[in-house]
Amino acid sequence: MPTPDFDPFRFDDLLTPAQRTLRDQVRAYMESVVRPAINDYWERAEMARDLALGLGKLPIPIIGGTLTGYGCAGLDNVSSGLVKYELCRVDGSVSTMFGVHSGLAISSIALLGSEEQKARWLPSMVAMEKLGAFGLTEPERGSDAAHVQTTARRVGDYWVLNGQKRWIGNGTIADILIIWARDEGGRFGGFVLENPRDLPGFQAETITGKIAKRAVHQANITLEDVHIPASDRLAHCNSFRDLNAVLEYTRAGVAWEAVGLAAGCYEIALDYACKREQFGKPIASYQLIQAKLVEMAAELSQMQLLVWRLAQLMDAGHASAGQISLAKQTCAAKARKMAGQAREILGGNGILIENHAARLFTDAEATYTYEGTNEINLLIAGREITGISAFV
Ligand SMILES: Cc1cc2nc3c(=O)[nH]c(=O)nc-3n(C[C@H](O)[C@H](O)[C@H](O)COP(=O)(O)OP(=O)(O)OC[C@H]3O[C@@H](n4cnc5c(N)ncnc54)[C@H](O)[C@@H]3O)c2cc1C
């Protein structure tokens, strides 16, 4: 058998030596530590917290992605994307735990906090001594998150929060949780809850019965007259538009995440097809299987080039919201299809979690839906292309 070439259009050649070293570091951790252990966590629906915490101890720092200061890794956008790619190539749960902490929570404070707030919260978060969470979605406000119903009322030296949040990753274990709410003047803002579980009126319950990302937990959160110090409102967020800086940054990361997931699926499918024999020959020798593998290779190559170019634009400060949404939407949709093809090529074995394709297959469903659903990202890109908003 020929050695399967997992890199059809030599994506590797586009990377700098430093980017390859970083990529190899994360890949080694994911292959040696996460892959052997993750299926047990997934099957028990147990938070793979220890596996995610190990990402904070790698020799080349990755926490905080492209953000700078307060210990953040200060990576370029390709490097930051490659981290997400490598995490998701092996597992979506660890990737989501990392993405919520290092992406959503840390970048909210880094991009929207005052210097005093950054100095207070970021160093311990970047060191992964304190874990972050990001509470935007509500039971009645998913895609329409700009119109959150959670309220923040000013009473003396406190903000008093009331409302409900849903799907909040790390929500049951977070040390620092950002709740997005509207104040009495209707202004949108980020309210930072330190040690939320100790706050009277705060309740977080793990959502059970998930088919995807089972080794990371999301929470339903209830806030009943939760008091936080007035100084813990993020200083530079007064509108949903301000939050878009955070959402665009993390959404680009999810585009890379989808490409990594697709790469993982392609590699598993190609390897299996070359080894599995039916009718006396490897199934890879049959034309119908080759057609699927070629389609997957072509899709993967297109996705890799797309996110690499997006990262270049982001490094130059030229990426638009529409481009980022287009990249997330198209990569997540392609990854979802490829995950189905990989599972199919493994036949019955594709249903079994031990072969890893089944886990990636279900993870792809969450990647397709979070950080803006397929439709919402289409609408953002459509608005930019046509100049007409079609949201409502
Ligand atoms: C695993 C997982 C982790 C998550 N982690 C977090 C987290 O850490 N923090 C957080 O705040 N949120 C989180 N979320 C929430 C996630 O961002 C939302 O699920 C997502 O925004 C969609 O909201 P919804 O599920 O309420 O769907 P809805 O908004 O109710 O959408 C239902 C369907 O209607 C479609 N739709 C909605 N509006 C339109 C429209 N105008 N035109 C056409 N179609 C439309 C959608 O595309 C979708 O197909 C997570 C979700 C999941 C599944």
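Helix H5 (residues 115-126) is built from twelve residues and spans 15 Å from its first C-alpha to its last, close to the 16 Å expected at 1.5 Å a residue. The model is predicted. The domain assignment divides the protein into domain 1 (11-126), domain 2 (132-232) and domain 3 (240-386).

**Helix H5**

- Six positions are listed as buried in H5: Gln-117, Lys-118, Trp-121, Leu-122, Met-125 and Val-126.
- Viewed down the helix axis, the buried residues of H5 fall within an arc of 120°, so they line one face of the helix.
- Glu-116 and Ala-119 are exposed and sit on the face of H5 turned away from its buried side.
- The packing partners of the buried residues of H5 are helix H4 (92-112), strand S1 (132-135), strand S4 (176-183) and strand S5 (188-194).
- After H5 comes Met-128, which has a positive phi, near 60°.

**Contact between domain 1 and domain 3**

- A distance of 19 Å separates the C-alpha centres of domain 1 and domain 3.
- Domain 1 puts 26 residues into the contact, and domain 3 puts in 26 residues.
- On the side of domain 1 that touches domain 3, at least two residues come from each of helix H1 (17-44), helix H3 (77-90) and H4.
- H3 gives the most to this side of domain 1, with eleven residues.
- By class, the residues on the side of domain 1 that touches domain 3 are eleven nonpolar, ten polar and five charged.

**Shell around the ligand**

- There are 19 residues around the ligand, and those that come nearest are Gly-142, Ser-143, Gly-169, Thr-373 and Glu-375.
- Domain 2 and domain 3 each contribute at least three residues to the shell around the ligand.
- S1, strand S3 (158-169), helix H9 (357-369) and helix H10 (374-386) each supply at least two residues of this shell.
- S3 provides the largest share of the shell, three residues.
- The shell around the ligand is made up of nine nonpolar, eight polar and two charged residues.

Definitions and conventions
Residues are numbered from 1 along each chain as its sequence is written. This is a predicted model: local features need pLDDT of at least 70, side-chain atom pairs count only at pLDDT 80 or more; totals for chains, interfaces and linings use all residues. Helices (H or I, at least four residues) and strands (E, at least two) are DSSP runs, numbered from the N terminus. The expected span of a helix is 1.5 Å times one less than its number of residues. A residue is buried if 20 or more other C-beta atoms lie within 10 Å of its own, exposed if 12 or fewer, and partly exposed in between; C-beta atoms are placed from the backbone. The arc is that of the directions from the helix axis to the C-beta atoms. Two residues are in contact if their C-beta atoms, placed from the backbone, lie within 7 Å. A residue is near a molecule or strand if its C-beta atom, placed from the backbone, lies within 6 Å of it. Ala, Val, Leu, Ile, Met, Phe, Trp, Tyr, Cys and Pro count as nonpolar, Asp, Glu, Lys and Arg as charged, and the others, Gly among them, as polar. Domain bounds come from an automatic or database domain assignment.
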